[in-house]
Amino acid sequence: MMFSEGAKKTALYTWYLLLVYFCYLMLLITLQYIPVNLQAAFLSIKEDVVGRRYYQIAFFSHVYTSMLILLAGMIQFPAQLRKSYPGFHRWFGRFYVAAILFVAGPAGLVMSIHANGGLTAQLAFSILSILWILFTYKAFYAAYTGNIRAHKIWMYRSYALTLSALSLRLWKWLFVVLFEPRPMDVYQVVAWLGWLGNLLIAELLIYYVIQNAKPAPQ
């Protein structure tokens with residue numbers, strides 16, 4: 001199916017506006033943990049682990065960097081920005097990669113071990129964390145070796161998993177509104193749906209936007 005350039009631009013602008021709005025909502029969530037408060041919001045139901053120092057370090061490292069990672073990843077995709085300000089693109093890309101590989105990814109893996117929802121959710125979040133680190137590393141390595149096409153593909157996948165911070169909460173809200181399930185049952189479902197759905201969309205975008213794209217004229 002072919003779309004006009006106007007329709008593509010409208011869809012792109014709409015996507016970015018929605019993303020900015022949801023990032024704003026994430027900022028409101030993040031602000032609940034500033035300054036450090038071990039009884040705030042989500043931590044109030046983690047009495048079994050919130051007293052452990054390694055969990056505290058993992059949790060706050062993950063929370064404080066994830067907001068910045070969302071924003072850094074978002075500004076990697078506009079083609080005009082990449083062309084006009086390549087240095088800007090590279091520096092924010094380096095921050096995105098380093099923050100995931102050395103902070104948010106490992107911290108998320110630690111948190112996954114103690115995720116609500118039992119073994120089902122813990123497995124889902126653990127796989128998510130491992131793939132997030134792996135895809136981000138592959139995106140970095142492809143750029144480092146000059147394989148820009150592969151870099152784009154792996155960045156689509158990496159950012160799809162980054163966006164699970166938003167989609168997980170959207171799915172959770174939708175399930176609660178529609179079905180009123182028990183809280184732990186919700187976690188078992190959205191722990192998988194929150195990132196598998198994103199990854200499916202990413203693969204579709206990769207196929208239609210990158211795989212079938214016409215090569216640039218030499």
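Trainee: How many salt bridges does the structure hold, and how should I read such a feature?

Mentor: In general, side chains of opposite charge can pair when their charged atoms come close. The structure holds 1 salt bridge, a term that asks for a side-chain nitrogen of Lys or Arg within 4 Å of a carboxyl oxygen of Asp or Glu. Keep in mind that this is a predicted model, in which local features need pLDDT of at least 70 and side-chain atom pairs count only at pLDDT 80 or more, while totals for chains, interfaces and linings use all residues. Residues are numbered from 1 along each chain as its sequence is written, and side-chain values use heavy atoms, with hydrogens and water left out.

Trainee: Which residues form the salt bridge, and where are they in the chain?

Mentor: The partners are Glu-203 and Arg-157, whose closest N and O atoms are 2.7 Å apart. This pair links distant parts of the chain, since Glu-203 belongs to helix α8 (residues 183-211) and Arg-157 to helix α6, 46 residues apart. Helices here are DSSP runs of H or I with at least four residues, numbered from the N terminus.

Trainee: Is Arg-157 buried or exposed, and what about Glu-203?

Mentor: Arg-157 counts as buried because its relative accessibility is 16%, whereas Glu-203, at 32%, counts as partly exposed. The cut-offs are under 20% relative accessible area for buried, over 50% for exposed, and partly exposed in between, with a 1.4 Å probe and protein chains only.

Trainee: How do I read the length of helix α6?

Mentor: Helix α6 covers residues 148-162, which is 15 residues, and reaches 20 Å from its first C-alpha to its last, close to the 21 Å expected; the expected span is 1.5 Å times one less than the number of residues. Its buried residues include Ala-150, His-151, Ile-153, Met-155 and Arg-157.

Trainee: How far is His-151 from Gly-118?

Mentor: Their C-alpha atoms are separated by 35 Å, although the two residues are 33 residues apart along the chain. Gly-118 is found in helix α5 and is partly exposed because its relative accessible area is 32%.

Trainee: Which residues make the nonpolar surface patch?

Mentor: Tyr-21, Tyr-24, Leu-27, Leu-28, Leu-31, Ile-34, Val-36 and Tyr-64 make a patch of about 740 Å². A nonpolar patch joins side chains (Val, Leu, Ile, Met, Phe, Trp, Tyr) within 5 Å, from residues with over 30% relative accessible area and no salt bridge. Helix α1 (residues 5-31) gives the most to this patch, with 5 residues. Leu-28 lies in helix α1 and is partly exposed, because its relative accessible area is 39%.

Methods
Helices (H or I, at least four residues) and strands (E, at least two) are DSSP runs, numbered from the N terminus. Patches are made of residues with over 30% relative accessible area and no salt bridge: like charges are joined within 9 Å, nonpolar side chains (Val, Leu, Ile, Met, Phe, Trp, Tyr) within 5 Å. Accessible areas come from the Shrake-Rupley method with a 1.4 Å probe; for residues, only the protein chains shown count as cover.
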